[in-house]
Amino acid sequence: MFKKYQKRKPESIMNSKETNNDVENNSLYKSLGNNISLFKNIFENDETLIIREFQNKRLKTAQCCIIYFDGMVNTEIVNENIIQPVLSCDLSEDIESDNLLEELKKKVIVSNNVTLETGINKMVSSVINGDTLFLLEGYDKALVISSKGGQARSISEPRSSRVVRGPREGFTESIMVNLSLVRRKIKNPDLKFKFKEIGERTHTKTCICYIEGLAMEGILSELEQRLDKIEIDGVMDSGYIQELIKDAPYSPFETVGSSERPDVIAAKLLEGRIALFVDGSPFVLTVPFLVVENFQANEDYYNNYIFSTMNRLMRGFTAVTSITIPALFLSIVTYHQEMLPTPLLLSISASRQNVPIPTAVSLFIMFLIFDILREAGTRMPSSIGQAVNIVGTLVLGQAAVEARLVSAPVIIVTALTGIMTLINMNFISATIIFRNFLLLGASFLGVYGFLLCFIILYLHLMSIRSFGVPYMMNVTRARNHDGQDAWIRAPWWTMTLRPKIIAAKDLVRQSSRKSKEK
């Protein structure tokens, strides 16, 4: 993806006897000085570029040069494995001078990964990625020596998905570290990796990860096609790609999953899904992604299946009620008071006395304030953010009721809805959008407006696909084995098959207990 460098040639190159077609043909010169000038022109005005020239103490004709970026390499590797061996080695003995560069690669330079390159574009890409370029006088080739270094965040538990039981390691911003975390969990040669660069200027490295024999070729091919169609100047996080490859781009529901946990990604790969790693992002994408995955947690598979089923049902219940409760409350209190018991209706009416703002407007205002407090608590440091959430909620809520700006039932509905919304953080954006959508319908037409908006929401969910897989699969039809891991989490000894559509190539996950007893 790197452009062909055709920088202006320095005077030393223009006056050389060599042909001037070398740069245009994406190749080096045989003159070390000309090659150094070439890379200085390519990385013009870049003070982080380090060019170190040296020669062997025994063989004066062995004039060398290494090129790398400061802060991108491990200086210990450069000093001890490249410079020191070349300086001190006796190149006049046991070395074929006719093929000195190849001899240095095989006998002198100490590195686990040394490749011989002839193309300038590949050399530039390697240097930018943290490798060291080794040039030698008289050769139009170069050695690319693996020397990546620099500071990186250590492996720690993700803050976005903490667990009581289960692995406590999370992905980092290094794509190679993330791939190794998954490789440690799936020690199988069928685990495949396909690398690709995205971004015309950033050249961000991405990796498609899947298990051969489980992942569907159609889904894999579709993912590769969508990635090939991306034309963007830079990718800073996997969220860029997540938005560019998703189905139903105008829908608030995510059709591409993401996770910071290696155990979650490994489990999804074992179900036949495909993962996409992006260098610089700790969030790994997975496809296809179903709506029930928003209510599933990795801890469900580590705890007792009865307790896990209760938690999963609770998440699903709170997701539905956080969207519907405000609209139902508004429609019944405003338009259908006859549906309430008389004592409850009198209590709500008494609390609404002397409140100048209508109930519908009060709910919209209180939800806006709640979302502001939630966003402020998220962006602030953890200790301050918690204090802002607690103090802001208590003080503003109590003051609003005492000042008769809103009624007490509105505060109760807002607080209850807000707490239930926070239970499903992966679902929060869609929850907020459709909560306001249902609330708007209920404010105009009461229960009828609520039902109309709810039907529209349901039809929208039924129309979504994730890489050809129905988004609502396992929700509306859970009679087969797929229903064992949808709203409930069945015991492990009964979950003998993988998801039917996603892993159709190899459905058998484990042998059943009955077959073992026979």
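The model is predicted: local features require pLDDT of at least 70, side-chain atom pairs count only at pLDDT 80 or more, and totals for chains, interfaces and linings use all residues. Residues are numbered from 1 along each chain as its sequence is written, and side-chain values use heavy atoms, with hydrogens and water left out.

**Aromatic pairs**

A pair of aromatic rings is described by the distance of the centres and the angle of the planes. Here, rings of Phe, Tyr and Trp (its six-membered ring) pair if their centres lie within 6.5 Å; planes under 30 degrees apart count as stacked, over 60 as edge-to-face and the rest as tilted. The structure holds 11 such pairs.

F43 is in the loop between α2 (32–42) and β1 (49–55), whereas F69 belongs to strand β2 (residues 63–69), 26 residues apart. Helices (H or I, at least four residues) and strands (E, at least two) are DSSP runs, numbered from the N terminus. Both F43 and F69 are buried, where buried means under 20% relative accessible area, exposed over 50%, and partly exposed in between (1.4 Å probe, protein chains only).

Next, select F171 and F277, an edge-to-face pair at 5.7 Å centre to centre and 85 degrees between the planes. This pair links distant parts of the chain, 106 residues apart: F171 in the loop between β5 (142–145) and α6 (175–185), and F277 in strand β9 (residues 274–278). Both F171 and F277 are buried.

Then select F253, F295, F427, F434, F437 and Y471 together; they form one aromatic cluster.

**Charged side chains**

Side chains of opposite charge can pair when their charged atoms come close. A salt bridge is a side-chain nitrogen of Lys or Arg within 4 Å of a carboxyl oxygen of Asp or Glu, and the structure holds 19 of them.

Select D371 and R435, whose side chains meet in a salt bridge (3.3 Å, N to O). D371 lies in helix α12 (residues 359–379) and R435 in helix α15 (residues 428–445), so the bridge ties together parts that are 64 residues apart in sequence. Both D371 and R435 are buried. A charge sits over a ring if NZ of Lys or CZ of Arg is within 6 Å of the ring centre and within 35 degrees of the ring normal.

Move to E103 and K107, which form a salt bridge (2.9 Å, N to O). These residues are 4 apart in helix α4 (residues 100–108), and so are separated by about one helical turn. E103 is buried, with a relative accessible area of 9%, whereas K107 is exposed, at 54%.

For a linked group, select K268, E271, R273 and E293, which are joined in a network of salt bridges.

**Backbone details**

Select F467 with R226, which lies over the face of the F467 ring at 4.0 Å from the ring centre. Phi of F467 is near 55 degrees, a positive value in a residue other than glycine. F467 is found in the loop between β11 (465–466) and β12 (469–470) and counts as buried at 6% relative accessibility.

N45, although not a glycine, has a positive phi of about 65 degrees. N45 is exposed, with a relative accessible area of 75%.

Finally, select V287 and P288, where the peptide bond is cis, with omega near -10 degrees. P288 is placed in the loop between β10 (284–287) and α10 (305–334).

On a 1 Å grid over the protein atoms alone, a cavity is a set of points where a 1.4 Å probe fits but cannot get out, and a pocket is an open set with protein on both sides within 12 Å along at least five of seven lines; lining residues have an atom within 4 Å of a point. Grid points are joined across faces, edges and corners, and a volume is the space filled by probe spheres set on the points.

The second largest pocket holds about 810 Å³. Of its 31 lining residues, select M72, N129, E173, S174 and D279, which lie nearest its centre. α6 gives the most to the lining, with 3 residues.

The largest cavity has a volume of about 40 Å³. Select P252, F253, E254, N294, N426, F427, S429, A430 and Y471 to display its lining.
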